[in-house]
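Welcome! Take a moment to look over the sequence and the 3D view, and then we can walk through them together.

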Amino acid sequence: MRHRLLVVENSPHRVERLKATLAPPDYSLEVVFDPTAAFELSATDSFDLILIARLVPPTTAFELCADVRRENPQIPIF
C-alpha cells in the first residue's frame, strides 16, 4: 500500500534526505515550500499524513494546522 505524504519544508537539502528515506514504493511525497501552497494542496487532494518542518515559523505552522483542521479534521499532522 502506498502512503501519500504532504511535506511542508523550507530546506531543499532536507527534502532530498526525506525522499531518500521515504522512497517508493511505500511512500509518495508531495513537497511544498510554503504554507499557503500546502493548505491549497491539502484542500484539493487526499493525503495520509502532513509533515510540517520544525523550522517553518511556528505561528505559520500553527495557522496551517488550524486551517487544515477546519477543512479536513481527519488528516494526521506531524
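## What is tucked inside

Let's start with burial: of the 78 residues in the chain, 28% are buried. Please keep in mind as you read that this is a predicted model.

The accessible surface of the chain comes to about 5100 Å². Carbon and sulfur atoms account for 55% of that surface.

## The overall fold

For a sense of scale, the C-alpha trace spans about 30 × 25 × 15 Å along its principal axes. Contacts also reach across the sequence: among those between residues at least 6 apart, 65% join residues at least 24 apart.

## A closer look at helix 2

Helix 2 covers residues 35-44, and P35, A38 and S42 are buried there. Viewed down the helix axis, the buried residues of helix 2 fall within an arc of 55 degrees, so they line one face of the helix.

What does the face turned away from the buried side of helix 2 carry? You will find the exposed residues T36 and T44 there.

## Where the charges sit

The chain has 8 positive and 11 negative charges. The mean positions of these two groups lie 7 Å apart.

Terms used: Residues numbered from 1 in each chain as written. Predicted model: local features only at pLDDT ≥ 70, side-chain atom pairs only at ≥ 80, totals over all residues. Heavy atoms only, no water. Buried < 20%, exposed > 50% of the residue type's maximum accessible area, 1.4 Å probe, protein only. Contact = heavy atoms within 4.5 Å. Areas by Shrake-Rupley, 256 points an atom, 1.4 Å probe, with all protein chains shown as cover. Lys, Arg positive; Asp, Glu negative; His and termini not counted. Charge placed at Lys NZ, Arg CZ, Asp CG, Glu CD. Helix = DSSP H or I, 4+ residues; strand = E, 2+ residues; numbered from the N terminus. Arc of directions from axis to C-beta.
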